[in-house]
Amino acid sequence: MGMAGESRNWVLMVTAQTPTNIAVIKYWGKRDENLILPINDSISVTLDPNHLCTTTTVAVSPSFKQDRMWLNRKEISLSGGRYQNCLREIRNRACDVEDKKKGIKILKEDWGKLHLHIASYNNFPTAAGLASSAAGFACLVFALAKLMNLKEDQSQLSAIARQGSGSACRSLYGGFVKWIMGKEENGSDSLAVQLTDEKQWDDLVIVIAVVSSRQKETSSTSGMRESVKTSLLLQHRAKEIVPKRILQMEEAIKNCDFTSFAQLTCADSNQFHAVCMDSCPPIFYMNDTSHRIINIAEKWNRSEETPQVAYTFDAGPNAVLIARNRQTAALLIQRLLYYFPPNSDDLNSYVIGDKSILQDAGL
Ligand code: DP6
């Protein structure tokens with residue numbers, strides 16, 4: 001092995017931090033389960049890493065006997081296909097790495113023989129419909145790409161993160177991001193591109209109302225599998241509705257047109273949950289509190305000349321509310337506190353954040 005000295009005691013580490021993202025035009029349904037290829041394009045907004053993010057440290061050392069991973073301090077298995085696909089794709093692209101200060105040199109052919117230790121930490125509830133897998137796989141791929149000195153750009157890395165979890169590909173960028181479904185059978189053109197960076201529309205404020213931090217009953221993966229098998233509405237949505245909405249949403253984002261943005265975001269969230277209901281057996285991700293939040297937002301928007309807030313719900317009951325600006329966000333929180341006073345059992349907390357950028361906390 002091309003490493004300086006014969007010592008097996010060295011460790012090389014990289015730490016990265018990646019925020020989660022929330023889709024405003026949803027991804028729901030795969031055409032290829034193994035490669036994770038979607039049946040439609042989707043668009044998301046990346047959150048502020050200070051609020052909902054994953055921090056991952058990847059380490060390599062000749063003394064490590066096998067690949068191992070810890071999630072929130074608990075060891076988890078890396079034997080699943082998704083982890084294996086990401087690790088394989090990254091190792092295939094690894095390059096020479098030299099750390100002169102530590103006197104370490106790893107040649108690209110050595111990476112196949114070296115083992116990794118991975119420690120990942122979410123600062124928010126895992127698998128509660130707050131896109132933890134999105135931040136998790138994006139961060140894993142980003143950190144490993146740094147460690148192994150990959151030359152690929154963010155979009156190419158996004159196609160690797162996609163194989164960990166579809167929505168993860170969109171967390172490789174800040175701001176508004178589009179996941180292009182692609183046409184190739186091998187998935188090489190199914191990747192994320194940045195539509196606008198986080199500075200572009202910086203009035204927006206995202207408020208997450210944590211309705212429940214319990215783990216969801218139906219994972220996104222199995223939920224969308226059922227929808228693909230059984231929902232006719234899903235077929236119509238993917239072919240007829242989403243392509244038009246994607247164009248309209250891109251236009252709204254480009255023009256910072258909140259009225260269109262809010263209409264499209266709310267309509268797409270509602271249609272996604274309608275698809276879940278249209279699946280057999282039906283899948284319920286929202287609960288009564290979620291429905292009350294929709295009512296509050298709808299009534300408010302209708303009482304004003306233009307919409308003040310957009311709402312969207314992923315595969316769980318938690319509400320992601322996007323306010324037109326800071327002032328509206330303050331009013332929104334006032335309203336939430338009025339309807340769900342601090343001593344109520346219905347809503348545990350609010351997480352507030354701006355749109356944000358991927359932060360490289362690399363060492
Ligand atoms: C409702 O990306 O979690 O959040 O690709 O099977 O890992 P897998 O699914 P995942 O699904 C996310 C679904 C969604 C909508 C979205 O993020 O676009």
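I looked up Leu-71 and found it opposite Lys-74 of E8. The model is predicted; I kept local features at pLDDT of at least 70 and side-chain atom pairs at pLDDT 80 or more, while totals for chains, interfaces and linings use all residues. Residues are numbered from 1 along each chain as its sequence is written.

I then checked the E7–E8 pair. Strand E7 covers residues 68–71 and pairs with E8 in the antiparallel sense over three bridges. A strand here is a DSSP run of E with at least two residues, numbered from the N terminus, and two strands pair if DSSP finds at least two bridges between them. Met-69 faces Ile-76 in E8. Two residues lie between E7 and E8 in their hairpin, and Asn-72 in that turn has a positive phi of about 50 degrees.

Next I took the other partner, E11. Strand E11 (residues 115–122) and E7 run in the parallel sense, with four bridges. I noted Ala-119 in E11 as the bridge partner of Trp-70.

Last I looked at the sheet. I read an open sheet of five strands, ordered E1-E6-E11-E7-E8, with mixed pairing. Its edge strands are E1 (12–19) and E8 (74–76), each pairing on one side only. On average, neighbouring strands of this sheet are turned by 20 degrees against each other, direction ignored. The axes are lines fitted to C-alpha atoms, and angles run from 0 to 180 degrees between N-to-C directions.
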